[in-house]
Amino acid sequence: MRDLEDAKFVFHGKRYNLACFLAQQAAEKALKAYLYYMGEEVVPGNSVSDLCKRAMKYDEEFKRICKAGVLDKYYIPTRYPNGLPGGVPYEAFDESDAKRAIPLAEMVIKFVKDKVEGIQGEGQDREED
């Protein structure tokens with residue numbers, strides 16, 4: 001996903017607040033893609049945690065990645081100064097935040113990709129029968 005690539009790119013430029021936000025976006029979009037793939041027509045919301053719980057309706061194994069819900073804390077405060085009790089986003093988020101956020105997004109994307117490929121594989125197995 002492009003958001004994940006962009007998160008890594010800005011990480012190297014030491015734009016840690018933006019890397020955290022883009023990691024959150026990558027995870028959010030991966031989960032939304034799964035929900036659309038499962039037939040949902042409208043997938044509102046931006047919370048990785050909420051989207052993960054919603055995906056659990058289709059597959060309980062999504063519980064394994066719900067810890068990625070911590071990415072939700074990077075949705076608003078990484079961009080808006082009024083989302084923080086003091087300071088500005090580029091001062092509030094550091095390298096350690098981004099080093100935590102990016103692997104979580106990678107985990108979500110890989111998990112969703114594996115799930116979709118597994119579903120597609122099941123469909124092919126049925127067609128061959």
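**Helix 2 and the charged pairs**

Tutor: Just after helix 2, Gly39 takes a positive phi of about 105°; helices here are DSSP runs of H or I with at least four residues, numbered from the N terminus. This is a predicted model, in which local features need pLDDT of at least 70 and side-chain atom pairs count only at pLDDT 80 or more, while totals for chains, interfaces and linings use all residues. Residues are numbered from 1 along each chain as its sequence is written, and side-chain values use heavy atoms, with hydrogens and water left out.

Student: What distance does helix 2 reach from its first C-alpha to its last?

Tutor: Helix 2 covers residues 16-37, which is 22 residues.

Student: How many residues of helix 2 are buried?

Tutor: Buried means under 20% relative accessible area, exposed means over 50%, and partly exposed lies in between (1.4 Å probe, protein chains only). Helix 2 is mostly covered, and of its 22 residues the buried ones number 17.

Student: Which residue does Lys8 meet in a salt bridge?

Tutor: Side chains of opposite charge can pair when their charged atoms come close. A salt bridge is a side-chain nitrogen of Lys or Arg within 4 Å of a carboxyl oxygen of Asp or Glu. The N to O distance for Lys8 is 2.7 Å, and the partner is Glu106.

Student: Why does this pair tie together parts that are apart in sequence, and by how many residues?

Tutor: Lys8 lies in helix 1 (residues 2-12). Glu106 lies in helix 5 (residues 95-128), so the parts tied together are apart in sequence by 98 residues.

Student: Are Lys115 and Asp59 buried or exposed?

Tutor: Their side chains meet in a salt bridge of 2.8 Å, N to O. Lys115 is in helix 5, and Asp59 is in the loop between helix 3 (48-55) and helix 4 (89-92), 56 residues apart. Both Lys115 and Asp59 are buried.

Student: Which residues are linked with Asp59 and Lys115 in a network of salt bridges?

Tutor: The structure holds 10 salt bridges. In the network, Asp59 and Lys115 are linked with Glu61 and Arg64.

Student: Which residues does Arg79 touch, not counting those up to four places away in sequence?

Tutor: Arg79 is found in the loop between helix 3 and helix 4. Contact means heavy atoms within 4.5 Å. With residues up to four places away in sequence left out, Arg79 touches Phe21 and Pro89.

Notes:
Helices (H or I, at least four residues) and strands (E, at least two) are DSSP runs, numbered from the N terminus. The expected span of a helix is 1.5 Å times one less than its number of residues.
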